[in-house]
Structure formats: structure tokens, C-alpha cells
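Please keep the sequence and the model at hand while reading.

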Amino acid sequence: MATIAFATYDQRPDLTSDGEAVADRLLQRGVAVRPAVWDDPTVRWEDFDAVILRSTWDYHRKFDAFLAWLARLETLHVPLWNPAPLVRWNADKRYLRDLRDAGVAIVPTVWLDQHAPTTLAEVLAGEGWSEAVIKPRVSASAYQTWRATRASAAGHESRFREALGRSGLLVQPFMHGIVREGEWSLIFVGGAYSHAVLKRPRPGDFRVEVIEANGTIPPRWLVDQAAAAVAVAPTRPLYARVDGVVDGDRLRLMELELIEPWLFLASDPRGPARFAEAISASL
């Protein structure tokens, strides 16, 4: 029997509910799943037939250690999904430039290098944006992400300078459609579209990390545009989540999540089995 690891993190070392559902279906296919904390020094990764990134939700807080762990798995020749080169590409939000250059409609973005000699007010004025969201280039779960307006920019300047001192930043216009219509997450498994949810933030908030997710059927054109974004990835991912907001007749991509996204497998009756089938095929 093959044994694979679902990589987790120390604040939640066990399998998630989605992970348990997939593990049950993998066991039926002769594949045993074990949770393993990605930075636990006692784990013998070479004992696994493969490692699947599932809930490594602190990787952005320990980024250098995470990159070293990816390199270690490569040295040990342990298959990793998604593969380490794809994870490295996706971990830095400069990947959005690659999507944009390939013709994918992304949320308009200003990329700022670390210590960039500009102010938040200058960025917003230069782009003509009345509201914006600021986030680090390496970030997950809305980590160090905040919202500012042109009127409040001066009051956010010290935070802005401090953040630029730590890393490069992205500045994007606030997309009001997230609050009005919600944010789409379209899930792809084994290179094919699986299912989707429409996420809504809590009242008074703009972040959708605390989610009310309702399974729903997106229009075909939305699926096609999301698939076009997945196709830009350097290699075909085992799993992908395309997050975006509808802007007229197109999907404005906000994130292409290839590292540790929640896949909302419970939102689709076939979701866990579909993911288990894709993992089995990868082995």
C-alpha cells in the first residue's frame, strides 16, 4: 500500500475535514494518508511515496524555512504536489505579471520593490484610485493586508513605509464587486474544472478569509476564463483555485492559488472523490 503525507502546520497538525474526506476515498484505492507538519524536524519525508501540500497555512510567516524544506524534498526525490518549482513561482505575487502578460485579466496592480521611494498617497493619486488594498508580495490569508482610501493615505503612511521596509508590496484598487456580488473561487483538479463557490465577506469587512461559501454553478464563460489562467502556470497543477471578481463580461483574477488553498470539497458531492482520483493518478 502506498503512503502519502498531507502536509499541515503546527497550529493544526491533523487533517482538515476536507482532508479526511479525501483520505477515506484514497484508502479505498489502496493509498494511506498521514498528516505531517511541514517543519517538524522528526518527520522522515523520504518514507512517503508523495507529499501533498494541504494546510501549510503558516508558510508565508516562515518563508525562508519553507523554501529550504521544498529544496530538501527535491534532494530526497520525494514527489511533491504541487511541484516545488510551481510553488516557488506562485509564492511571490509577481506571478500575476506573468498572467497579465499572457492576456489574463487581473485586478490592476502596482508592484513596489522593497524600500521603493514613493508614498501611498502618490501611488493612489498616480493611478486615480480612491480606495486601494495593500498586501505583501509573499502573503496568505490576508496576512498584513489592509485597505486605505486616498483621503486616509497620509494616516497610513507610517504603516506603508514599515511594510515596504520588510518586503515588496502590491497595491490594487478596491474592487467593490467583492462586497456587492462576492468573490468567485473556481476549483480545478487534475487540470480539469471541478466546482465553484461564491464567497462573501462578513458585513463591514472586505476580506473573504472568513467565508460564507455556497456551492453554485458559474456561467461557462467564467469557467473558460479561469481555465485560461490555470493554463498559464509553468506546469500543470494537480490542484488550483482561481479567485476573482466579475467585472462586466470578464473575470478579474485576484489570485491563482497553487500552494495550500482550501478547495471547498464539501461543496460538491463528487469533490473528495475527484481529488482522490487525481492524487491516485499522480502516483
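**Helices α2 and α3**

Phe 63, Phe 66, Leu 67, Leu 70, Ala 71 and Glu 74 in α2 meet Ala 84, Pro 85, Val 87, Arg 88 and Ala 91 in α3, where contact means heavy atoms within 4.5 Å. Helices (H or I, at least four residues) and strands (E, at least two) are DSSP runs numbered from the N terminus. The model is a predicted one, in which local features need pLDDT of at least 70 and side-chain atom pairs count only at pLDDT 80 or more, while totals for chains, interfaces and linings use all residues. Residues are numbered from 1 along each chain as its sequence is written, and side-chain values use heavy atoms, with hydrogens and water left out.

By class, the contact of α2 with α3 has nine nonpolar, no polar and two charged residues. Here Ala, Val, Leu, Ile, Met, Phe, Trp, Tyr, Cys and Pro count as nonpolar, Asp, Glu, Lys and Arg as charged, and the others, Gly among them, as polar. Helix α2 covers residues 63-76 and helix α3 residues 84-91; they pack at an angle of about 160 degrees, with their axes 10 Å apart. Axes are lines fitted to C-alpha atoms, for helices over the stretch in contact, and angles run from 0 to 180 degrees between N-to-C directions. The two helices are therefore roughly antiparallel to each other; angles under 35 degrees count as roughly parallel, over 145 as roughly antiparallel, 65 to 115 as roughly perpendicular and the rest as oblique. α2 passes α3 in a left-handed crossing. A crossing is left-handed if the near helix is turned anticlockwise from the far one by less than a right angle, and right-handed if clockwise.

Six of the eight residues of α3 are buried, so this helix is largely enclosed by the rest of the structure. Buried means under 20% relative accessible area, exposed over 50%, and partly exposed in between, with a 1.4 Å probe and protein chains only. The buried residues are Ala 84, Leu 86, Val 87, Trp 89, Asn 90 and Ala 91. They pack against β3, α2, β4, α4 (95-101) and β13 (250-257).

Two strands pair if DSSP finds at least two bridges between them. Seven bridges join β1 and β2 in the parallel sense, and Ala 2 stands opposite Val 31 in β2. β1 (residues 2-8) is joined to β3 (residues 50-53) by four bridges, also parallel; here Ala 5 stands opposite Val 51.

The crossing is right-handed. From α1, the contact is made by Ala 21, Val 22, Arg 25 and Leu 26, and from α9 by Pro 272, Ala 273, Phe 275, Ala 276, Ile 279 and Ser 280. These residues divide into eight nonpolar, one polar and one charged.

**The antiparallel sheet**

A further open sheet has four strands in the order β5-β8-β6-β7, with antiparallel pairing. β5 (110-112) and β7 (146-149) stand at its edges, each with a single partner strand, so one side of each is left without a neighbour. The twist averages 25 degrees from one strand to the next. Four bridges join β6 (residues 131-136) to β7, and Glu 131 stands opposite Thr 149 in β7. Helix α5 (residues 120-127) packs on the sheet, touching β5, β6, β7 and β8 (169-173), and its direction makes about 155 degrees with that of β5. Helix α6 (residues 157-166) lies across β5, β6, β7 and β8, running at about 135 degrees to β8.

Not counting residues up to four places away in sequence, Glu 131 touches Arg 147, Ala 148, Thr 149, Gln 172, Pro 173, Phe 174 and His 176.
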